[in-house]
Amino acid sequence: MDGALNIDQSCDGLTGEPQHIVSVSGGKDSASCYLLAIMRGRPFRAVTADTGHENEITYEWISKLSARTGGPEVEIVKADFTARIAHKRQLVQTKWVSDGMPDEIIQAALDILHPTGIPFLDLCIWKGRFPSIKGQFCTEHLKAEPIFEQVFVPAMASQGNVISWQGERRQGERRGESQNRSQLPRHQRVRYADIGSLHIWRPILHWSAENTFALHDHFGLEPNPLYRMGMGRVGCFPCINARKGELSAIFARFPEVLEKIRHFELLVSKASKRGQATFFAASTTPQGKRLAEDHKRGLRLDEALPGIDDIEAWSRTTRGGRQFDGFKLMDGNQLCSSQYGLCE
Ligand code: SF4
């Protein structure tokens with residue numbers, strides 16, 4: 001998103017007919033923006049960024065949104081990491097070698113450094129690690145970048161002004177936020193040199209979750225069924241920010257997710273200089289946090305940080321992580337976000 005010259009907080013100065021584009025995630029907040037755009041009665045576009053790591057229920061729900069509401073079809077964009085993975089291969093063949101990395105680590109990385117076509121996995125293979133709460137590079141690379149490059153830039157080039165509808169809400173605490181949401185304006189303009197202006201419009205900033213469900217009711221639109229299955233949010237499945245209760249619900253209802261993440265961990269570990277990559281940060285579990293601290297001090301280096309099977313076992317424990325408690329209800333909170341409201 002280089003080229004931003006100026007940010008202000010008004011939609012003044014629009015010339016010509018701007019293009020309205022709603023970002024859809026499959027969740028209730030972005031769906032509310034989509035429904036409000038329908039109520040406005042003027043043409044608009046809708047777009048979603050496919051991370052390749054969503055639940056099938058979400059894909060299906062998005063694909064039927066247009067038919068169920070009379071709004072536009074949701075356009076799908078995907079991030080492509082082909083060039084960046086190729087560049088990393090070169091780095092492995094040069095810098096990793098000159099750094100004296102062991103042959104088996106180098107060979108494992110070269111074996112795995114090929115695009116899979118699954119954006120989330122390719123991002124992690126390129127980075128050699130999974131995103132985390134402290135390093136949440138996923139939203140930027142998987143959602144903001146492809147939508148900006150593939151949709152907003154061409155739209156600005158043809159229309160001059162783009163109004164990007166974002167489903168950000170101030171109500172409800174979210175963990176792992178990179179920005180104080182209380183500071184977010186309803187309108188925000190970002191000017192791009194020689195292209196045009198991107199006007200960020202947050203129409204539901206002051207809404208409650210109940211307001212969003214009420215709007216669904218008004219349209220007779222069933223919200224994404226994942227909410228009824230105990231998910232507090234929808235998006236990547238699971239999101240790296242998922243809380244304990246949500247994880248226990250996911251693993252109990254969708255055991256295939258465990259297998260998928262196991263596979264991801266295996267592949268991403270091969271692209272890692274350390275030869276290990278875990279989907280969730282070590283600090284997710286109390287035992288993992290202690291082990292990570294010991295690793296920093298050069299202790300217990302032969303013990304692996306908690307992988308997804310450890311996380312799954314921990315997700316079924318009571319507070320403190322010792323005693324198994326079976327299936328528990330989830331926390332019910334929204335879990336992750338971005339300035340652009342691309343992750344619910
Ligand atoms: S839903 Fe979660 S894992 Fe997916 S891009 Fe957003 S923050 Fe990252």
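## Ligand site

The largest cavity in this predicted model is the space taken by the ligand. The ligand is surrounded by ten residues. Cys 138, Arg 233, Cys 236, Cys 239 and Cys 343 are the closest of these.

## Packing of helix 3 and helix 4

Helix 3 spans residues 82–98 and helix 4 spans residues 103–112. Their axes lie 9 Å apart, and the two helices pack at an angle of about 170 degrees. Angles over 145 degrees count as roughly antiparallel, and helix 3 and helix 4 are therefore roughly antiparallel to each other.

On the helix 3 side, the contact is made by Arg 89, Val 92, Gln 93, Trp 96 and Val 97. These meet Ile 105, Ile 106, Ala 109 and Leu 110 of helix 4. Seven nonpolar residues, one polar and one charged make up the contact of helix 3 with helix 4.

## Backbone geometry in two loops

Most peptide bonds are trans, and most residues other than glycine have a negative phi. The peptide bond from Phe 237 to Pro 238 is cis, and its omega is near 5 degrees. Pro 238 belongs to the loop between helix 7 (209–219) and helix 8 (244–253).

Asp 194 is not a glycine, yet its phi is positive, at about 60 degrees. The loop that holds Asp 194 runs between strand 6 (187–192) and strand 7 (196–201).

Definitions and conventions:
Residues are numbered from 1 along each chain as its sequence is written. This is a predicted model: local features need pLDDT of at least 70, side-chain atom pairs count only at pLDDT 80 or more; totals for chains, interfaces and linings use all residues. Side-chain values use heavy atoms; hydrogens and water are left out. Axes are lines fitted to C-alpha atoms, for helices over the stretch in contact, and angles run from 0 to 180 degrees between N-to-C directions. Helices (H or I, at least four residues) and strands (E, at least two) are DSSP runs, numbered from the N terminus. Angles under 35 degrees count as roughly parallel, over 145 as roughly antiparallel, 65 to 115 as roughly perpendicular and the rest as oblique. Contact means heavy atoms within 4.5 Å. Ala, Val, Leu, Ile, Met, Phe, Trp, Tyr, Cys and Pro count as nonpolar, Asp, Glu, Lys and Arg as charged, and the others, Gly among them, as polar. A residue is near a molecule or strand if one of its heavy atoms lies within 4 Å of it. On a 1 Å grid over the protein atoms alone, a cavity is a set of points where a 1.4 Å probe fits but cannot get out, and a pocket is an open set with protein on both sides within 12 Å along at least five of seven lines; lining residues have an atom within 4 Å of a point. A molecule sits in a cavity or pocket if more than half of its atoms lie within 2 Å of its grid points.
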